[in-house]
Amino acid sequence: MKILLLEDEYSLRISIQEFLEDIGYEVDCFMNGEKAYDAVFDKSYDILLLDVNVPDLSGFELLKNIRLEGIETPAIFLTAMTDMQNLKKGYETGCCDYIRKPFDLEELEIRLHQVIKSFYFNDNEVVNLGKGAKYDVTKAKLTIDEKEIILRKAEKDILELLIKNKDIVVSVEMFQDEIWGEYVEPATIRVQLKNLRQKLPEGIIQNRRGLGYIIER
């Protein structure tokens with residue numbers, strides 16, 4: 001999953017980035033609100049982690065503006081502003097959670113998992129794919145008949161994107177935008193999909209010729 005991190009304190013920004021990348025997230029960092037705002041429209045993110053007091057455009061203003069543009073990406077505020085008025089403002093702006101600094105990085109991990117489950121996976125930690133296959137959202141682990149199946153990063157990202165869009169056909173363009181963030185040869189995507197499908201029971205990922213791929217409920 002891709003995370004946008006807006007944080008102007010260097011040491012904290014690097015600590016958060018390294019921690020999240022170590023547990024499997026892809027993180028783009030910004031210290032400037034205007035640049036982070038532009039990035040939201042240039043690239044597809046799964047979660048926004050926003051400090052409030054940053055240069056040029058505050059986290060509150062950034063989230064308010066993108067909500068007015070119809071972007072509903074879940075957002076968590078990371079801020080030293082602890083008074084009730086700002087807490088209320090954060091939720092009114094459209095955040096999913098509000099973490100007061102200082103915080104433990106493990107707390108951030110827990111909060112992220114909770115947002116991911118509730119926003120993308122209907123609050124289920126383990127998604128039943130059928131035919132004995134299950135995907136644990138929290139641990140990013142695929143099992144078939146209780147046996148763990150090792151996935152490469154691209155395979156895991158593809159599976160999570162298909163799960164997030166259950167009953168919706170995911171096109172090649174969506175894979176390009178949301179997983180690679182740039183143009184990738186369709187043949188490369190098909191190879192990764194083929195590898196993933198070979199690790200799953202037949203029929204879980206279905207091909208809609210000329211349209212894309214889908215996991216049906």
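User: Which residues does M31 touch, leaving out those up to four places away in sequence?

Analyst: This is a predicted model, so read every value as computed from it. M31 touches L6, E7, D8, R13, V54 and P55, with residues up to four places away in sequence not counted. M31 sits in the loop between β2 (26-30) and α2 (33-42). Look at E9 too. M31 and E9 are 22 residues apart in sequence, while their C-alpha atoms are 7.5 Å apart in space.

User: Is M31 buried, exposed or partly exposed?

Analyst: M31 has a relative accessibility of 44%, so it counts as partly exposed. Exposed would need over 50%.

User: Now sheets. How do strands pair in a sheet?

Analyst: Strands pair through backbone hydrogen bonds, either parallel or antiparallel. Start with the open sheet of 5 strands. The order is β2-β1-β3-β4-β5, and the pairing is parallel. The edge strands are β2 and β5 (97-100), each pairing on one side only. From one strand to the next, the twist averages 20°.

User: How many bridges join the pairs β1 with β2 and β3 with β4?

Analyst: β1 and β2 pair in the parallel sense over 5 bridges. There, I3 has V27 of β2 as its bridge partner. β3 (residues 47-50) and β4 (residues 75-79) are also parallel, over 3 bridges.

User: Which way do the side chains of β1 point?

Analyst: In a regular strand the side chains alternate between the two faces of the sheet. In β1, K2, L4 and L6 point one way, and I3 and L5 point the other way. All of these residues are buried. β1 is mostly covered, with 5 of its 5 residues buried.

User: Which strands does α1 lie across?

Analyst: Helix α1 (residues 10-22) lies across β1 (2-6), β2, β3 and β4. The direction of α1 is at about 170° to that of β2.

User: What is the strand order and pairing in the sheet of 4 strands?

Analyst: This open sheet runs β6-β7-β8-β9, with antiparallel pairing. Its edge strands are β6 (126-130) and β9 (147-149), and each pairs on one side only. The twist averages 30° from one strand to the next. Helix α6 (residues 153-164) packs on this sheet and touches β6, β7 and β8. The direction of α6 makes about 95° with that of β7.

User: Take me through β7 and β8. Which residues are bridge partners?

Analyst: Strand β7 (residues 133-136) and strand β8 (residues 141-144) pair in the antiparallel sense over 4 bridges. Y135 has L142 of β8 as its partner. The hairpin of β7 and β8 has 4 residues between the strands, and A140 takes a positive phi near 55°.

User: And how many residues lie between β8 and β9 in their hairpin?

Analyst: This hairpin has 2 residues between its strands. D145, in the turn, has a positive phi of about 50°. The two strands run antiparallel and are joined by 3 bridges. T143 comes up again here, with E148 of β9 as its bridge partner.

User: Next, helix packing. What describes two packed helices?

Analyst: Two numbers: the angle between their axes and the distance between the axes. Take α7 (residues 172-180) and α8 (residues 186-199). They pack at an angle of about 80°, with axes 10 Å apart. The two helices are therefore roughly perpendicular to each other. From α7, the contact uses V172, F175, Q176 and W180. From α8, it uses P186, I189, Q192 and L193. By class, the contact has 6 nonpolar, 2 polar and no charged residues.

User: Last topic: cysteines. How many disulfides are there?

Analyst: A disulfide is a covalent bond between the sulfur atoms of two cysteines. The test here is two cysteine sulfurs within 2.5 Å. By this rule the count is 0.

User: Are C29 and C95 buried, exposed or partly exposed?

Analyst: C29 has 25% relative accessibility, so it counts as partly exposed. C95 has a relative accessible area of 9% and is buried. The cut-off for buried is under 20%.

Note on methods
Residues are numbered from 1 along each chain as its sequence is written. This is a predicted model: local features need pLDDT of at least 70, side-chain atom pairs count only at pLDDT 80 or more; totals for chains, interfaces and linings use all residues. Side-chain values use heavy atoms; hydrogens and water are left out. Buried means under 20% relative accessible area, exposed over 50%, partly exposed in between (1.4 Å probe, protein chains only). Contact means heavy atoms within 4.5 Å. Axes are lines fitted to C-alpha atoms, for helices over the stretch in contact, and angles run from 0 to 180 degrees between N-to-C directions. Angles under 35 degrees count as roughly parallel, over 145 as roughly antiparallel, 65 to 115 as roughly perpendicular and the rest as oblique. Ala, Val, Leu, Ile, Met, Phe, Trp, Tyr, Cys and Pro count as nonpolar, Asp, Glu, Lys and Arg as charged, and the others, Gly among them, as polar. Two strands pair if DSSP finds at least two bridges between them.
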